[in-house]
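Here's a friendly walk through the model you're about to see. Take a look first, then read on.

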Amino acid sequence: MTQTLICDCNQTMPLAPKTLGTALAETLPLHSALCRREASAFQRAIQSGDDVVVACTQERRLFGELAEQTPDATSPIHFVNIRETGGWGRDAKNAMPKIAALLAAAALPAPDPVATVSYASQGRLLIVGPLDQAEQAAALVADTLDVTLLSQGPGVAGGAQERRWPVIAGRVDALSGWLGAFKLQLTRGNPIDLDLCTRCNACVTACPEQAIGLDYQIDMGKCTSHRDCEQACTVAGAIRFDRAPEALDAAFDLVLDLGATPLVDWHAPPQGYFRLPNGLGTPEALQTLLRLREMVGEFEKPKFFDYKQKLCAHSRNEQVGCNACVEVCSAHAITSDKARQRVVVNPNLCVGCGACTTVCPTGALGYTYPRAPDQGLKLRTLLANYAKAGGREPVLLLHSQEAGQALVEQLGRQAQLGRAAGVPARVIPVALWHAASTGIDLWLGAVAFGATQVVVLSTGEEAPAYLAALEQQMEIAQALLRGLGYAGTHFQLIEAGTPAALDAALAALGQTRQQVPAQAARFSVSAEKRSTLEMTLDHLMETAPALQARADGPPLVVALPAGSPLGAIAVDKDACTLCLACVSACPASALQDNQNAPQLRFIEKNCVQCGLCESTCPENAVQLVPRLLVAPERRQPVVLNEAKPWACVRCSKPFGTVKAIEAMLGKLAGHAMFQGEALERLKMCSDCRVIDLYSAQNEMKITQL
């Protein structure tokens, strides 16, 4: 049982409670001051024990406080924004189906909790950059953090006379790790030892070349070896030109990088690494320093992925096939372990973008925040309730729950002020942790559920590799639908950084009409990516316009772009010797042998186009063919190549193939070890070969040595 509470403060939304109530099978009174004068209605609802949906996110904090103060309040509370997402805009009067869909989806139970990744920080902070800026930053955080400075020159003012924090300098060889576990590798090769230096400035005064700045390091490009500084520092003994370079390893929990060149030049740097390329005089700097002050203790984040090695098509026999996840990851969290036929995902570095799961053709990497079945249930609920409430031609707008959500809400506010059209009535916003976390299985599934378009919003925070991956996946999905005869543009990537840009892009969506299946699918999205894809394809092929318009003839073959997770292989029968190396390499059992005959068989439905067969084949006889075969043969084994078996010249038992044995004889005929009877044994089966070897009278036996 669910109770839905809707509120229209100052009557700024043209809500129709009766229409919404009919769609949701509820009686929905319209409140005007639910968080204030009518707060008792909210309190009664949360005392009922039913799930309560509050159609207001503006006062989420206040509702939370009311719930804490209400006796016997046991109801789970769900919040949903219907104002900026549809109630505010020029098309708001037609947005009741969308609002009904959003309310219905908000009532869904929360997904099951996911595993977490733990971090522990003791507050050991490394500040990297010009010494004057590093000391300024240290002064603002040193009361809560244990600060060490890595000097990269004096800056404008140089270091202060008083040394308040440890200072190191040198060439950074490597910085690796994450929050609570950073490792710095440094080579100290300057003649001045900063641990011994007392900042007396005698060396600075004595140097005739002015090669020593107020970072108390010698610029060896200016130094001409007068050694006046060394003589001036005889008391402290901090300067020695004969000092050998020294390697330093140090551990830190946090890193603040103020340097001109970043130590970690990744689009998604590790947790605990902060960079301020514009120095300390920006609002961003203040926010960063405040965050640093809070990062002492134990922290957790979701484990965003599941990995099933048995499904992985990365490598076999140290041959690399699919490398999509390694190439797309902007956090450097995924590495190849081809010796063990797998990839390795570091959960500490993973930031949850989900791009790896989007490009994975097999589903070996699965997204868990939320899991695919939960996300599929949400999409199906949205689209089913939208249609039930009378909505037509729904569009799903997938966006990130931070920057994307903020942009959608800004557009709603601009619409209320009359400065924009706002989110169209048929466009249903769907918040994701990251815009790249869904892919072809859920997009095509959404079309099967009734969506006419799936639009992904990029706000500029995404890595270029993610956008390229999304565009490639959309190209594949669109080619598949068009090949099946569904006209229109069903998938689109919108890049917008301002409300005006988003407003224009959403308005342009109405310029085309998309053809979709007449009947919406009702299957549940599976935890297995390939299972979901197959159920979706079955539904799309069942009513495909291209099949309905097709008379008797050859099966429909839909050509797909390179990189498709669907397809066949072409085998050059003249080059193929049926060695079956491709069969042993295939991770999806798409390629199979025949125990009763020398045959190479293929099940197209199983093929993930990983390319392992192509890279493994010693004769270069295999080529990938990305496509969708719309025929029953797609699920059945078909023979790609077969050959006449070779019969043992001694016992006539078949083994190998004529082509393979003849090729082997041709290659080894000139070898010194395969002459005479030795070459003849290659024509025998394994049993006869051993018998012949031991029965030969004119050959030396190893037992005689």
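## Charges

For counting charges, Lys and Arg are positive and Asp and Glu negative, with His and the chain ends left out; each charge is placed at NZ of Lys, CZ of Arg, CG of Asp or CD of Glu. On that basis, the chain has 61 positive and 69 negative charges, and their mean positions lie 5 Å apart.

## Where the numbers come from

This is a predicted model, where local features need pLDDT of at least 70, side-chain atom pairs need pLDDT 80 or more, and totals for chains, interfaces and linings use all residues. Residues are numbered from 1 along each chain as its sequence is written, and side-chain values use heavy atoms, leaving out hydrogens and water.

## Overall build

You'll find 23 helices and 32 strands in the chain; these are DSSP runs numbered from the N terminus, helices being H or I with at least four residues and strands E with at least two. The chain is more spread out than a compact globule, because its radius of gyration is 34 Å, well over the 27 Å that the globule rule gives for 705 residues. That radius is taken over C-alpha atoms, and the rule is 2.2 Å times the number of residues to the power 0.38.

Four strands make an open sheet in the order 2-1-3-4, with parallel pairing. Strand 2 (30-31) and strand 4 (77-79) sit at the edges with a single partner strand each, so one side of each has no neighbour in the sheet. Pairing here takes at least two DSSP bridges between two strands.

Strand 1 (residues 2-7) and strand 3 (residues 51-54) pair in the parallel sense over four bridges. Leu-5 has Val-54 in strand 3 as its bridge partner.
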